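Please keep the sequence and the coordinates at hand while reading.

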Amino acid sequence: MGKDVNYWIVGASYYSDGSQYERFYNGGFWMLGWERGDQPFQYNLASKIKNGDRIALKRMNGRGARDITIM
């Protein structure tokens, strides 16, 4: 049987360092910019991402915007 693949939409910006899009895209990886204690909900979600899962990087279109851009 084939492996189950999950799909995720993730952010690519750290507040202190700005966009990490180029770094993630060129490096072929993604990492969460929060520590477990800072954002436990986000950390728990990120811990479910496994090798082979597919991710799409997103960008919010302004603070508080309801729409996003998939990069």
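Predicted model: local features only at pLDDT ≥ 70, side-chain atom pairs only at ≥ 80, totals over all residues.

**Strand pairing**
- Strand S4, residues 54-60, pairs with strand S5, residues 68-70, in the antiparallel sense, and 3 bridges join the two.
- S4 also pairs with strand S1, residues 7-11, but here the sense is parallel and the pairing runs over 5 bridges, with Trp8 standing opposite Ile55 of S4.

**Nonpolar core**
- The largest nonpolar core has 9 residues in all, among them Val10, Tyr14, Trp30, Leu32 and Leu57.
- Leu32, when residues up to four places away in sequence are not counted, touches Tyr14, Gln42, Tyr43 and Ala46, of which Tyr14 and Ala46 are also listed in that core.

**A buried loop residue**
- Gln20 lies in the loop between strand S3 (18-19) and helix H1 (21-27), and Gln20 counts as buried because its relative accessibility is 9%, where the cut-off is under 20%.
- Leaving aside neighbours within four places in sequence, Gln20 is in contact with Ala12, Ser13 and Tyr14.

**Confidence**
- The chain averages a pLDDT of 85, and 94% of the residues score at least 70.
- Confidence is highest in S1, at a mean of 92, and lowest in strand S2, residues 13-14, at a mean of 79.

Definitions and conventions. Residues numbered from 1 in each chain as written. Heavy atoms only, no water. Core = buried A, V, L, I, M, F, W, Y, C linked by side-chain atoms within 4.5 Å. Buried < 20%, exposed > 50% of the residue type's maximum accessible area, 1.4 Å probe, protein only. Contact = heavy atoms within 4.5 Å. Pairing = 2+ DSSP bridges. Helix = DSSP H or I, 4+ residues; strand = E, 2+ residues; numbered from the N terminus. pLDDT = per-residue confidence, 0-100.
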